[in-house]
Amino acid sequence: MDIVLVTAIIASLFVVIALGEPLARRLRLPYTALLALLGILIGAGASFLLHTDLTDALNPVAAAILGLPIRSNIFLYVFLPTLLFQATLGMNLRRMLDDWVPILVLAVVAVVVATVTVGHALFWTGALPLAACLLVGAIVSTTDPSAVVSIFRSISAPQRLVRIIEGESLLNDAAAIALFGLFMGFVMLGVPDPSLPDALARFPVLILGGALAGWLAARAALWLMKMLSGHELALMSVSVALPYIAYIGAEQMIGASGVIAVVAAGLTLNLSGPGRIAPQSWAGLRELWEVLAHWAGALIFILAALLIPRLLEEVRLSDLLLVGVVVVAAIVARAVILFGLLPLLTALRLSPPVERPYRVAILWGGLRGAVTLALALAVTESFRVPDGIQRMVGILATGFTLFTLLAQGTTLRWIIGRLGLDRLSPIDEALSRQVVAVALQTVREELARVTERMDLPHEIVRAEAKRFGARLEAAVRAAEEGADILDRDRITLGLIALAAHEREKILARVRERTLSARLAERLLPDAERLIEGARAGGRSGYQRAARRSAGYGAAYRVALWLNNRLGLSRPLAILTADRLERLLAQRLILRDLGDFIDDRLRRVHGRRVAELLHELLARRIEAVETALEGLSLQYPGYAEELERRLIRRTALRLEEREYAAMRDDGLIGAEVYTALMIDLARRRAEEERRPPLDIALRRMELVRQLPLFADLDEAALKRLSRALVTRQVDSGTVILRKDSPPGRVFFIASGAVELECAGQTWRLGRGEMFGQMGILARRSPRVAVRAIAPSTLLVLDEDRFRRLLDRSEALREAVRASAEKRGIDPATILPPSGPERGAPPARPESDAA
């Protein structure tokens, strides 16, 4: 085939891709559905021109189009890794991990249900053996969510719902292709009725082997990228090679799932890349992959659609009836997941509630596309598959894909309109009118100042002011109609706007390079949880998300256990440094939100709502400062170093801005500016490296700061710091229960706790202790203790506490004061110092608190 002609055809397809996007928007059709339609028209038109007697002028072009070397391997080995890898890079993975249960269950269970349902529905018709029927079921179980996701984003559907759909579709393709490989093997080996449990037993091997291969490939790529950190184009080249190496290595070398390997490689790079690659290089890498995936996705639809006329050449009426069976079975299987399994996950609090209209839209928006056609093409190309099965698989998969694209794709937006999902809620409609009124008032004030400086003719300014005033008056009248919005709803809307502004502040700090991309990857999920919490639960949902952002995560508790029980301090040091850095950034950003409430939200929602938002913001700042105070007390020198590092990064940003202003003003030339920026980049790279944290050294400093140990010498302090165990607790954590046996004393290094006994409560803060009364009274204290703020506790066992009590007069005085505070005679519990200490006399149980 003439290479010039093929190149011209491929270039023409890129023109079709470019024109397809605006055309799809004008026709209000899903972009992928339109591309498939264009591909079918191109293929049918080329076939017509090649066989018609009207003209022979275009025969070479038609023959070249129909003769394009389109094979299943091109789709599976060239285009598919690109699409999967970009999807994983574009995901907000840290937020998606919050919903890993519904994503994994919906993906794997949905594929199995669809495969079994479609396979057995076809088998009951007697058209094909069971292995071939299950093969068809695996082929049609893949979904393309791009159409429904793009529409959901345009109508402001819940972001958590969109994430679950995207994640489910990604793993759905991986699971479907893995099942396809299993049943394809059965068909080629001539096994007519395979055992489904035996087939599924090989499923975990494919998944785990692919995941391991992808992870190893990604770790090797990250190591290579670190060596090439100063060369942005080299980093991009390594990233382009990664998915293909992972895919081919898993498929050809270890016989595992290449799709899972690509997904695992992309997820690993997504998690580790921002911390190891410079922000500018990481942004450029992601932009490159967005372009590659756009081209790959468009080409795979057009090229696969070119094959549809060829695959349907031998279609019969009975085949159309079987296509109908596949359509009905696939829709039923999808409905079982959406209306059966998804509500169950919601009831178990493993998935967000999905309203019925959204579920209907997801059901009808389950389009099939290029992956389905590529798998069907792989069957028709295999000489080891019987001809009859080749023909039926090609027709059924192609017919089903055409139905989803032509029937479902073209009517999806109409269905969404009929469900009312494209309309604003009454609250949002009323709010939009008020926002317009407030915005126009601000515009009028600013316009008056601008026109005054323009020195325009008075008549023109007056005429335009009158015209604008009429529009403003109409907007104010419309806003008055929405004045009956409840304060509760205004608070919810204000919290959503506040959290969204917090997210924009984080992104602005990243653009200014005050915050690193690695730190932003941890802060942005917190801001998005605040938005979703406010949407779902109003004020209480926002507060729950805020407490979570300031609290300790499961990983931190695991690291603390590893440090305390196994002596592995590195994980705890890394996570503690991460937490300190994150809290410092949160405090910086939260303090900037007050002006947004006064300047914007007060004008939209009124004074009462603004005051309440200030109160909620003040609570968040207090919680962050309490948590930060605890860590700063524990690691004072390190916290100060991070604060100095933040100041230095801010100075670098201001310095960069000044150089850019001087260049724009012509004070320095391009050569001088380039030299200055090279030096600034070197210093910025040095500031990117965070100083290490020495956990053992910091605990000694923390013990030294507590007044209870002020009279101990240096040697005793060192022994005590080794004996004490650090425990970090969240607000609300129960530390001691009323039936807890005595045996430990807790010293509060930071934070606060509340004690409850016999209907009375006490609050203790930094420098105080609890648990000593039960030890000294030698009976269960009958007291419950819970943290009322994120707290750092130092825990000492009974034997060491008694020995310390003998040596420390300051500690004895603290025990005496604590007993008097509770109305207990200190002489009844404090033993005499020295070896003649005896057992305390028995006392009533209530006094033992």
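Glu641 and Arg644 pair through their side chains in a salt bridge, at 3.6 Å from N to O. The model is predicted. Both residues sit in helix H28, which spans residues 636–664. They are three residues apart, about one turn of the helix.

Arg644 is partly exposed at 42%. Arg648 is partly exposed too, at 32%.

Arg690 and Glu581 form a salt bridge through their side chains, at 2.9 Å from N to O. This pair links distant parts of the chain, 109 residues apart. Arg690 lies in the loop between helix H29 (670–688) and helix H30 (695–705). Glu581 belongs to helix H25, residues 570–590.

Arg690 has a relative accessible area of 23%, so it is partly exposed. Glu581 stands at 12% relative accessibility and therefore counts as buried. The cut-off for buried is under 20%.

The pair is part of a network of salt bridges. Asp578, Glu581, Arg645 and Arg690 are its linked residues. The structure as a whole holds 27 salt bridges.

## A positive surface patch

Which residues form the positive surface patch? They are Lys718, Arg719, Arg722, Arg803 and Arg807. Two helices give two or more residues each: H31 (714–723) and H33 (798–807). Helix H31 gives the most, with three residues.

Lys718 is placed in helix H31. Its relative accessibility is 44%, so Lys718 counts as partly exposed.

## The whole protein

The secondary structure comprises 34 helices and eight strands. The protein has 849 residues, and 49% of them count as buried. It exposes about 40100 Å². Carbon and sulfur atoms supply 59% of that area.

Contacts reach along the sequence. Among those between residues at least 6 apart, 78% join residues at least 24 apart.

Technical notes. Residues numbered from 1 in each chain as written. Predicted model: local features only at pLDDT ≥ 70, side-chain atom pairs only at ≥ 80, totals over all residues. Heavy atoms only, no water. Patch = residues over 30% accessible without salt bridge, like charges linked within 9 Å, V, L, I, M, F, W, Y side chains within 5 Å. Areas by Shrake-Rupley, 256 points an atom, 1.4 Å probe, with all protein chains shown as cover. Salt bridge = Lys/Arg side-chain N within 4 Å of Asp/Glu carboxyl O. Lys, Arg positive; Asp, Glu negative; His and termini not counted. Charge placed at Lys NZ, Arg CZ, Asp CG, Glu CD. Helix = DSSP H or I, 4+ residues; strand = E, 2+ residues; numbered from the N terminus. Buried < 20%, exposed > 50% of the residue type's maximum accessible area, 1.4 Å probe, protein only. Contact = heavy atoms within 4.5 Å.
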